[in-house]
Amino acid sequence: MILTAKHLIEKAGKHLGLSQQEIDYILKIDHEHVFDIVLDNGSTHKAYRVQHNNSRGPYKGGIRFHPQVDLNEVRALSILMSLKTAAVGLPLGGGKGGVAIDPRSLSETELEQLSRAYVGHLHPHIGPDTDIPAPDVNINSQIIDWMVDEYETITGDKSKASFTGKSIGKGGSFGREAATGRGGMIAIGEYLKLAGKNPSEMTFAIQGVGNVGAFFTKLAETELRARIVAVSDSQRTLVVKDFSNNKDFISLEGLKNRRKGLIDDLANSHVEFLDRDAILELPVDVLVLAALGDTVVKGNANMVKAPIILELANGPIDEDGFDTLTAKGTVIIPDIVANAGGVIVSHLEWLQNKAGESWSEEQVNEKLAEYMVAATREIYEYGKEHNIPLKQAALALAMKRLLESKKAK
Ligand code: NAD
């Protein structure tokens with residue numbers, strides 16, 4: 001992922017006519033904090049916080065607990081965060097953190113100890129106006145609540161603005177849980193409007209119906225009236241039989257185990273199960289990638305038939321996949337805009353904490369929509385004006401903003 005991010009930035013930079021010095025500035029990482037956390041059970045775990053760029057505002061980005069976390073991954077994701085916050089016009093920078101651990105191997109007491117130890121080490125380097133971490137893979141609001149409590153105990157800060165993704169009772173924001181899926185629904189809705197297409201006449205397939213994919217699917221069905229004809233999870237694809245010849249669709253209302261993405265619950269006589277990766281090859285109008293990074297790569301990009309792809313996961317299409325798809329005219333609505341709903345509502349949570357307010361879900365959703373619509377229109381117009389794919393347009397706009405704020409500093 002670090003190479004894909006680097007190459008795409010270099011490509012977009014060349015298109016913009018940037019000097020190597022300017023490209024190096026965009027890739028340069030401000031600070032890297034790497035440390036060990038030792039738990040009472042005697043185990044030691046590598047922990048990271050990478051602060052990429054704060055020229056537009058405090059560093060912002062999630063923390064993940066996952067066995068495969070390493071410094072290169074955290075670096076790449078921190079760069080993508082700076083580009084994401086800039087692409088959607090937030091006054092924030094980019095950072096990312098993580099601990100190399102499988103949290104499912106820990107008891108609740110150990111998980112709390114790990115979360116508090118992470119903050120115990122990092123507290124001098126983070127804070128409401130410095131670096132505001134948030135949840136990412138395997139981090140829930142309980143973990144963030146422990147982290148805020150630890151931060152406030154050590155520093156005396158009482159603003160709740162040191163982290164976002166808190167539970168509602170502890171300063172969290174309404175609308176946060178659905179924000180990334182909702183933001184993606186707004187982005188594809190706006191793109192289709194600009195392209196003169198009607199979502200209610202289009203078929204959609206969604207790879208991965210976890211938190212992001214499930215909220216997206218439900219909202220696309222209810223608010224865009226999109227026809228969902230296939231969904232997949234880590235095991236298989238569920239597809240409406242012969243969907244080009246009938247009007248059946250899949251409704252996620254029936255998905256009881258949505259949080260776990262167990263699509264077995266949706267089986268009925270109108271649908272059939274296929275292999276996990278069959279979803280990528282279906283002749284649908286819109287393919288939504290909401291599972292993992294690097295799922296469309298050199299080996300399978302040619303098999304993708306959908307003319308429009310929405311990237312809800314981070315980096316779901318690698319560089320070879322991007323080149324293959326772009327060559328055959330596939331439109332890719334890029335991750336740094338498409339999945340920015342989460343960081344936008346994080347910013348709204350932080351604003352509420354700073355002002356000592358709590359906004360209704362409608363207020364939050366309205367502000368989220370303003371950011372998403374504006375960002376989608378901007379990349380659409382820029383891409384059209386310069387005859388470049390939306391991904392390059394998003395990167396170019398973000399990079400221009402990073403360089404402008406550097407100059408203004
Ligand atoms: P999640 O763990 O809730 O869901 C992931 C889903 O993907 C699960 O249902 C899993 O079964 C499924 N899956 C795993 N491998 C798969 C495969 N090979 N094929 C099909 N499905 C597969 O995670 P999430 O929070 O929904 O995040 C999904 C993606 O979106 C991740 O890449 C994440 O980094 C990105 N993202 C999330 C947020 C957020 O706010 N949660 C924000 C920005 C980006």
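## Basis of the values

Residues are numbered from 1 along each chain as its sequence is written. The model is predicted, with local features needing pLDDT of at least 70, side-chain atom pairs counting only at pLDDT 80 or more, and totals for chains, interfaces and linings using all residues, while side-chain values use heavy atoms, without hydrogens and water.

## Overall build

The protein has 12 helices and 12 strands. These elements are DSSP runs numbered from the N terminus: helices are H or I with at least four residues, and strands are E with at least two.

For 409 residues, a compact globule would have a radius of gyration near 22 Å, and the 21 Å of the protein agrees with this. The radius is taken over C-alpha atoms, and the globule rule is 2.2 Å times the number of residues to the power 0.38. Along the principal axes, the C-alpha atoms fill a box of roughly 65 × 50 × 40 Å. Of the 409 residues, 56% are buried; buried means under 20% relative accessible area, exposed over 50%, and partly exposed in between, with a 1.4 Å probe and protein chains only.

## Helix 3

Helix 3 covers residues 71-87, and its 17 residues should span 24 Å at 1.5 Å a residue; the end C-alpha atoms are 24 Å apart, which agrees. The expected span is 1.5 Å times one less than the number of residues. Of the 17 residues, 13 are buried, so that the helix is mostly covered.

At the N-terminal end, Asp70 caps helix 3 with a side-chain oxygen 3.2 Å from the backbone nitrogen of Asn72. Just after the helix, Gly89 has a positive phi of about 75°.

## Helix 11 and the residue after it

The 26 residues of helix 11 should span 38 Å at 1.5 Å a residue, and its end C-alpha atoms, 37 Å apart, agree with that. Its buried residues include Val364, Leu368, Met372, Ile379 and Tyr380.

Asn387 follows helix 11 and sits in the loop between helix 11 and helix 12. Its phi is near 55°, a positive value in a residue other than glycine. Most residues other than glycine have a negative phi. Asn387 counts as exposed, at 70% relative accessibility.

## The second largest pocket

The second largest pocket has a volume of about 290 Å³. Of its 16 lining residues, Thr330, Val331, Ile388, Pro389 and Leu390 are the closest to its centre. On a 1 Å grid over the protein atoms alone, a pocket is an open set of points where a 1.4 Å probe fits, with protein on both sides within 12 Å along at least five of seven lines; lining residues have an atom within 4 Å of a point. Points are joined across faces, edges and corners, and the volume is the space filled by probe spheres set on them.

Helix 8 (319-327), strand 12 (331-333), helix 11 (361-386) and helix 12 (390-408) each supply at least two lining residues. Helix 11 gives the most, with 4 residues. The lining divides into 9 nonpolar, 5 polar and 2 charged residues. Here Ala, Val, Leu, Ile, Met, Phe, Trp, Tyr, Cys and Pro count as nonpolar, Asp, Glu, Lys and Arg as charged, and the others, Gly among them, as polar.

## Other single residues

Glu190 is in helix 6 (residues 179-194) and is buried, with a relative accessible area of 6%. Its side chain makes a polar contact of 2.9 Å with the side chain of Arg377. Such a contact is a pair of N or O atoms within 3.5 Å; within protein, one must be able to donate a hydrogen and the other to accept it, and residues adjacent in sequence count only if both atoms are side-chain atoms.

Lys298, in the loop between strand 10 (286-289) and strand 11 (308-311), is exposed at 63% relative accessible area.
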